[in-house]
Structure formats: C-alpha cells, structure tokens
Amino acid sequence: MITRQRLAAGICALLATLTAGVAFPAGAVADETDSTASPKVELVLDVSGSMSAKDIDGGSRMAAAKQAFNEVLDATPEEVQLGIRTLGANYHGNDRKTGCKDTAQLYPVGTLNRTEAKTAVATLQPTGWTPIGPALLKAADDLDGGDGTRRIVLISDGEDTCQPLDPCEVAREIAAKGIGLTIDTLGLVPDAKTRDQLSCIADATGGTYTSVQHKEELSDRVGQLVDRAADPVVTPVATEGTAQCSSAPTLKSGLYTDREEFGKQRFYRVDVNPGQELRASVSVGADREVNPDYGVLLRAVTVHGREIVRGEGTGNGRTDVISTGLRYPKAESDDDNAPAETVCLQVTNSFSAAAGVKTTPGLPLELTVDVVDGPSKASDVASFGLGRGWWLLAALVLTGFVAGLLWGWLSRWRLAVWRTN
C-alpha cells in the first residue's frame, strides 16, 4: 500500500513538473512588427438616388450614412490619414456614359480636419448612378504611394449600374498590382445580388463584407474598420515569380505577394548560408469560383532540380485559402568561407476555374520566407535537448522525488499511529 502511495505521489510530481515545462518553455520569444508609415483609409460612399429610401430605423439610408460618418470622424485615430470619395453624387441626368463617370473625392486623403470633413459630408444629397467600379479605381489611385496600411471602406445600397466594367474584376485587378490594399464592403440592403457583388469585391482583396440594417450597426462597423487600419501590420512586398528557377527573383526574409495562374508553377530563389535554416510557407486564395478538390505544393529544390524537402496542402472546396510550409536546415561547414546555397522554392497549384469564370489575373499568392540561425548541435544543447532551463526542470524533478518520499513516510507514520490506537 505504502509503495503504491509513493509511486502515485512520484508520478503526480513528475506530471506537474512536465506540465510546468510545457506551459513555460525556456527562451520563448514573440516577434513584434511595428509599422512607422501612416495608415491610409478612404471611405467610399454610394450617393445614388436609391440612398433616399427611408428604410433604416425610420430614416433615409443617406441620413444613416451621414450619422455614421460624423461619429467615425470624431473617433478616427490621430495617426490615420483619412479621405472620403463619393459615387453618384453630382450627375442628375439620364445619360449612362456621363453617369458612369460620376465619382469625386469629397475630402482628400491626409491629416484629418474633422470640421471640414463633416461640413463636406453634410452637403451630400442622393442623386445619380452607381459607378462602383470606376470609384474603386479612383480610390486606389487616391491611396497610392507609401508603405503603411491602405484600406478602402465601401458603403453601398445596390449593384453597380455601369456594367460591363465589373467591380469584382476591378477589385481583382487592384489586388493583382500587389500594393497591399484591402477593400471592405458594407451593404445597406439585404438583397442577394448586392450581397454577392459586394462579397466578391471584398474577397478579391482579403477584405470583409458586412450587411447592416441599422444606424448603430453602420457606425460601429465603419469605426471598427478605420481603427483596424491603425493596427501595426507587416506590409507584403509585391514580387513576380518565374516559370524557371534560373530566372527567378532572389528573396530575403519577409512577406511577399504574387499572382499564379490556374494549374501553373512559380519559382523563387533564396540564399541559405551554412548553419542557417530556411522556413517558408505559402497560401493561395480562391478569389473566385473554383472547382472542388484542389491542392498546393511547395518544394525546396536545388538549382539542378533535385528535391530537398516539400510541403503539401489539399482542399475540397470548403475553404477559400489553402496553405502549406516547409523547413530546410543547412548543415554547418568547417570552412568559414563556404558559400551560401541557392535554394529554389517552387509553388504549384492544382486549382481549376469553374465554367464561365475568368482565369486572369491569376490567383492571389502569399509567400513567407524566413532565414534564421539553424538549430544548435546536440552537444551544445543542455541535457539532451531540454533547453537552457534544464536546471530548473532537474530541480523540479528532484523536488517531486523528495515530496514523494515525504508523502510515503507521512503515510507510513499515520498508519502506525492508527494501528497503535
């Protein structure tokens, strides 16, 4: 009985020790990235005639949008450069060609003067057409330049009326430029066609779509999106992979974006010095309708085509993004002047477009490359890989062992007293 008690106590102490070791790993460090460039946001507001409809909390859609803008302008963080663009605000006629050019910058992107911005918003009256596509193209130009976060927040109550310039295709073209611009959309009418179009615009750039039917919801959501632009982020760098490793761009550690055609491959080069480890991951997004059952392959190969290591990911149509990754540690060399090894990263996808879906531009691709110091040699890692905190772990194990002995002695003493009595 006493033996079983000692064993149980020892096991409990050991489990507690191991749990402590897992919960508080030695040397865990979180990387933080700060962005010094000012974030830029442009609010794009639909001021077409349909915005006069009074179906939002007893008031018009335009009145709800104005209230939301005023509240957001009051709460905009100081570091955010904010602008306002309208669509359908100035042309009253019926000429389609003229109406589809009706987009203007109401307030320029820059340091916010709240009084001036509110005054400009107050003058808006529901007027004309709904040229969403042209407005998005102009808004992208308004935000061009700089390395900070760039975000368009589109508020609309209906579909684009200026086809065949499809705003969804416009969003894909903006994303294909690799400028790191995100478009978030808000729909004021729970209409299926409007929802589908606004969702497609957001999906193409990694943004979000929200359906709002109340003034408070609109104010809260626009405010959240503006605040989100002020959060520190890593801005991806646009690059362009090639069909062959020999002509591929050489990448340093960082985050990169590219476009990859359906069923094609892209190559990138990374230099890895002896004693370093290459860590790479890739994500490919389905920004349009695709056939189910697809996959992404990431291979690290030599310049001569020999595979070093690979990572694979598969999907069945239930997710819009598929990712995979790999790690390649290069052994240290006794030669201090040993050259770096050029590793070719090959990204291949097996996506296929659904019937009638455009295949250009290619699918959005995000590649993360990190070249770090390789793992230490076994002889340099304390206590068989337990890390620099091995002494703490050993002390805890010893404490558990001593506690087990004391518990066993105490149990034996209590049993002796019980028998005596």
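Reply: In this predicted model, Cys168 and Cys200 form a disulfide with their sulfur atoms 1.6 Å apart. The torsion about the S-S bond of Cys168 and Cys200 is about -45°, so this disulfide is left-handed. The bond links distant parts of the chain, since Cys168 belongs to helix α6 and Cys200 to helix α7 (residues 192-204), 32 residues apart. Cys168 and Cys200 are both buried.

A search of the whole structure finds three disulfides, and the one between Cys100 and Cys162 has its sulfur atoms 2.0 Å apart. Its S-S torsion is about -100°, so the disulfide of Cys100 and Cys162 is left-handed. This pair, too, links distant parts of the chain: Cys100 sits in the loop between α3 (96-99) and β3 (103-110), while Cys162 sits in the loop between β4 (150-156) and α6 (167-176), 62 residues away. Cys100 and Cys162 are both buried.

Cys245 lies in the loop between β7 (237-238) and β8, and Cys344 in strand β14, so the bond ties together parts that are 99 residues apart in sequence. Cys245 has a relative accessibility of 10% and therefore counts as buried, and Cys344 is buried with a relative accessible area of 0%. With bonded cysteines counted along the chain, the disulfides follow the pattern 1-2, 3-4, 5-6.

Strand β14 belongs to an open sheet of four strands in the order β9-β14-β11-β12, with antiparallel pairing. Strands β9 (265-272) and β12 (307-315) stand at the edges, each with a single partner strand, so one side of each is left without a neighbour in the sheet. Neighbouring strands of this sheet are turned by 15° against each other on average, direction ignored. Eight bridges join β11 (residues 294-301) to β12, and in β12 the bridge partner of Arg299 is Arg310.

Gln346 also lies in strand β14 (residues 341-349); at 7% relative accessibility, Gln346 counts as buried because the limit is under 20%. The side chain of Gln346 makes a polar contact of 2.6 Å with that of Gln265 and another of 3.3 Å with that of Thr348. Leaving aside residues up to four places away in sequence, Gln346 touches Gln265, Arg266, Phe267, Leu297, Leu298 and Arg299.

Definitions and conventions: Residues numbered from 1 in each chain as written. Predicted model: local features only at pLDDT ≥ 70, side-chain atom pairs only at ≥ 80, totals over all residues. Heavy atoms only, no water. Helix = DSSP H or I, 4+ residues; strand = E, 2+ residues; numbered from the N terminus. Buried < 20%, exposed > 50% of the residue type's maximum accessible area, 1.4 Å probe, protein only. Polar contact = N/O pair within 3.5 Å; in protein donor to acceptor, adjacent residues only side chain to side chain. Contact = heavy atoms within 4.5 Å. Pairing = 2+ DSSP bridges. Axes fitted to C-alpha atoms, helices over the stretch in contact; angles between N-to-C directions. Disulfide = S-S within 2.5 Å.
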